[in-house]
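Here is a short report on one predicted model.

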Amino acid sequence: MNYQIEIEPPDIKRYRAGSSGVDYVHVLDSGKPGPNVMVQALTHGNELCGAYALDFLFRERVSPSKGKLVLAFANVAAFERFDFGDPDRSRYIDEDYNRVWADEVILGKRDSAELRRARELRPFVDAADYLLDLHSMHEPCRPIMVCGMLDKGAAFARKVGVPADLLIDTGHPAGLRMRDRGGFGDPNSARNALLIECGQHWEKSSVDVAIDTTLRFLKATGVVDESFVTPRLRLPVSERQRVVRVTEPVVAKTMGFRFARPWKGLEVIEKAGSVVATDGDKTWRTPYDDCVLVMPSLVHLKPGTTMVRLGRYD
């Protein structure tokens, strides 16, 4: 299903040349000891809210009070081919930029537009103490903070304070995400990363969520002063944050994969054994009562792709 496009791709051409030597990557250095903090937008070229959030920071003249702040627009090549008639086409050029972050892939010999860009940004990702990756979703769903596979991500999300729904998952069979790379995915490392799904791709509200989450993230890392953050906040903190713990991904085996209903996301299915989807001769059923459906979508259907994740609230 296609949804109304309420926002237009922002003009980011002014941000091509930065201080890093890599196009669309800006390193703001306070000159004082402190954390190395990175915020990335446009991991997928059709997810516009993150680009608005970085544009907001630049327009507000954000400056780290200590440490370094790296602001990066990732898959700009895909973003630049955004088409209102086929907006999902700009998700990527050759492959999903957010599935290429395992060493055997990013340091290997395989080539694609996304791998070339990931290789440019890898030094910044590997140097970051804290990372925020800004995303949105195809289906209209309330925001979700993807905290990775470890409890330390959820603890950090509680420090950020938004959104209400926090996700601890099992990763993606199709490849390693940036937010799980290296120390981010090591329980013994102090490095930490979050990935925020800000809402439906084309909703204006996704922009407010992206900006607000980014500001709160910067405050939580200590890289900017609270005096910069507080006056610019747009949304209230969540009264209660709950963790959805994923137990299994539902991965398509064939192009015949179909959902039993037009799920939107974060539905809680009361009874174990309820049909979620069918895929050829395979029927996916809820494995337990009160099963939560996380980010269901058929838009990028192909064998090997995670179509929905099954979990439950802690």
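**Cores**

The largest nonpolar core holds 52 residues. Those with the most contacts inside it are Ile12, Val39, Leu57, Phe73 and Leu218. Helix α6 gives the most to this core, with eight residues. A second, separate core has 22 residues, including Val22, Val105, Leu115 and Ala118. A nonpolar core here is a set of buried Ala, Val, Leu, Ile, Met, Phe, Trp, Tyr and Cys residues joined through side-chain atoms within 4.5 Å. Buried means under 20% relative accessible area, exposed over 50%, and partly exposed in between (1.4 Å probe, protein chains only).

The model is predicted: local features need pLDDT of at least 70, side-chain atom pairs count only at pLDDT 80 or more, and totals for chains, interfaces and linings use all residues. Residues are numbered from 1 along each chain as its sequence is written, and side-chain values use heavy atoms, with hydrogens and water left out.

Leaving aside neighbours within four places in sequence, Leu57 is in contact (heavy atoms within 4.5 Å) with Val62, Leu71, Thr214, Leu215, Leu218 and Phe228.

Helix α5 spans residues 151-160. Helices (H or I, at least four residues) and strands (E, at least two) are DSSP runs, numbered from the N terminus. The buried residues of α5 are Lys152, Gly153, Ala154, Phe156, Ala157 and Val160. They pack against β4 (130-137), β5 (144-146), β6 (165-168), β7 (192-200), α6 (204-221) and β8. Just after α5, Gly161 takes a positive phi of about 100°.

The axes of α5 and α6 come within 8 Å and cross at roughly 105°. That makes α5 roughly perpendicular to α6. Axes are lines fitted to C-alpha atoms, for helices over the stretch in contact, with angles from 0 to 180 degrees between N-to-C directions. Angles under 35 degrees count as roughly parallel, over 145 as roughly antiparallel, 65 to 115 as roughly perpendicular and the rest as oblique. On the α5 side, the contact is made by Phe156, Lys159 and Val160. On the α6 side, Thr213, Arg216, Phe217, Ala220 and Thr221 take part.

**A three-stranded sheet**

An open sheet has the order β9-β11-β12, with antiparallel pairing. Its edge strands are β9 (258-259) and β12 (282-285), each pairing on one side only. Two strands pair if DSSP finds at least two bridges between them. Two bridges join β9 to β11 (residues 275-279), and four join β11 to β12. Thr278 of β11 stands opposite Arg258. In β12, the bridge partner of Thr278 is Thr283. The hairpin of β11 and β12 has two residues between the strands, and Gly280 there takes a positive phi near 65°.

| Residue | Relative accessible area | State |
|---|---|---|
| Asp96 | 12% | buried |
| Glu248 | 26% | partly exposed |

Asp96 sits in the loop between α2 (76-79) and α3 (103-106). A polar atom of its side chain lies 2.8 Å from the backbone nitrogen of Asn98. Beyond its neighbours within four places in sequence, Asp96 is in contact with His44, Arg91 and Glu114.

Glu248 is found in strand β8 (residues 242-251). Leaving aside neighbours within four places in sequence, Glu248 is in contact with Trp284, Pro287, Arg309 and Leu310. Glu248 and Ala260 are 12 residues apart in sequence and 18 Å apart in space, C-alpha to C-alpha.

How values were computed:
Polar contact = N/O pair within 3.5 Å; in protein donor to acceptor, adjacent residues only side chain to side chain.
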